[in-house]
Amino acid sequence: RNHIHPAIHRVQDAITADPTRDWSLPALAEIAFASPRHLSRLFNEHTGMSLPDYTNRLRVALAEQLVQSTRLDMEHVAERAGFGSSRQCDERGNG
């Protein structure tokens, strides 16, 4: 979060607060008080990545943290990190 745009902060805070939610661009645009197209452009400009990339990276980081700090099996780790399955978690982490 090395940028200062308040709309981007609001979106990042929302995703971080609920990483398991199936975030849509229109829903995030409402949080940012911007159009979906404008939010997408702003997010890329200020973070250097797309919204789906950001969400996936956040989920992968959360999954890694859960693997290291809990005794949960991979299915439960994947579920808590916002992935549909442990296979989806593996695919996004490697992709």
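This is a predicted model: local features need pLDDT of at least 70, side-chain atom pairs count only at pLDDT 80 or more; totals for chains, interfaces and linings use all residues.
**Overall architecture**

The chain contains six helices and zero strands. Read from the N terminus, its elements follow the order α-α-α-α-α-α. The chain has 95 residues, of which 35% are buried. Among the contacts in the chain with a separation of 6 or more, 43% are between residues 24 or more positions apart.

**Nonpolar cores**

The largest nonpolar core has 15 residues, and the members that touch the most others are Val11, Ile15, Leu28, Leu39, Phe43 and Leu51. Four helices each supply at least two residues of this core: α1 (6-17), α2 (25-32), α3 (36-47) and α4 (51-69). The largest share, five residues, comes from α1.

When residues up to four places away in sequence are not counted, Leu39 touches Ile8, Val11, Leu25, Leu28, Ala29, Ala32, Ala34 and Leu51.

**Helix packing**

Two packed helices are described by the angle between their axes and the distance between the axes. The table gives these values for two pairs.

| Helix pair | Angle between axes | Distance between axes |
|---|---|---|
| α1 and α2 | about 125° | 8 Å |
| α4 and α5 | about 140° | 9 Å |

How are α1 and α2 oriented to each other? Their packing angle is about 125°, and angles over 145 degrees count as roughly antiparallel, those from 65 to 115 as roughly perpendicular. The two helices are therefore oblique to each other. The crossing in which α1 passes α2 is right-handed. On the α1 side, Ala7, Arg10, Val11, Ala14 and Ile15 make the contact, while α2 contributes Leu28, Ile31 and Ala32. Of these residues, Val11, Ile15 and Leu28 are also among those that touch the most other members of the largest core.

Helix α5 spans residues 74-81, and its packing against α4 is at about 140°. This angle makes α4 oblique to α5. The crossing of α4 and α5 is right-handed. Arg59, Leu62, Ala63, Leu66 and Val67 of α4 meet Met74, Val77, Arg80 and Ala81 of α5.

**Two individual residues**

Phe33 is found in the loop between α2 and α3. The phi angle of Phe33 is near 60°, which is a positive value in a residue other than glycine. Is Phe33 buried or exposed? With a relative accessible area of 70%, against a cut-off of over 50% for exposed residues, Phe33 is exposed.

Glu64 lies in helix α4. The relative accessible area of Glu64 is 48%, so this residue is partly exposed. Glu64 and Val77 are 13 residues apart along the chain, and their C-alpha atoms are separated by 8.6 Å.

Note on methods:
Residues are numbered from 1 along each chain as its sequence is written. Side-chain values use heavy atoms; hydrogens and water are left out. A nonpolar core is a set of buried Ala, Val, Leu, Ile, Met, Phe, Trp, Tyr and Cys residues joined through side-chain atoms within 4.5 Å. Buried means under 20% relative accessible area, exposed over 50%, partly exposed in between (1.4 Å probe, protein chains only). Contact means heavy atoms within 4.5 Å. Axes are lines fitted to C-alpha atoms, for helices over the stretch in contact, and angles run from 0 to 180 degrees between N-to-C directions. Angles under 35 degrees count as roughly parallel, over 145 as roughly antiparallel, 65 to 115 as roughly perpendicular and the rest as oblique. A crossing is left-handed if the near helix is turned anticlockwise from the far one by less than a right angle, and right-handed if clockwise.
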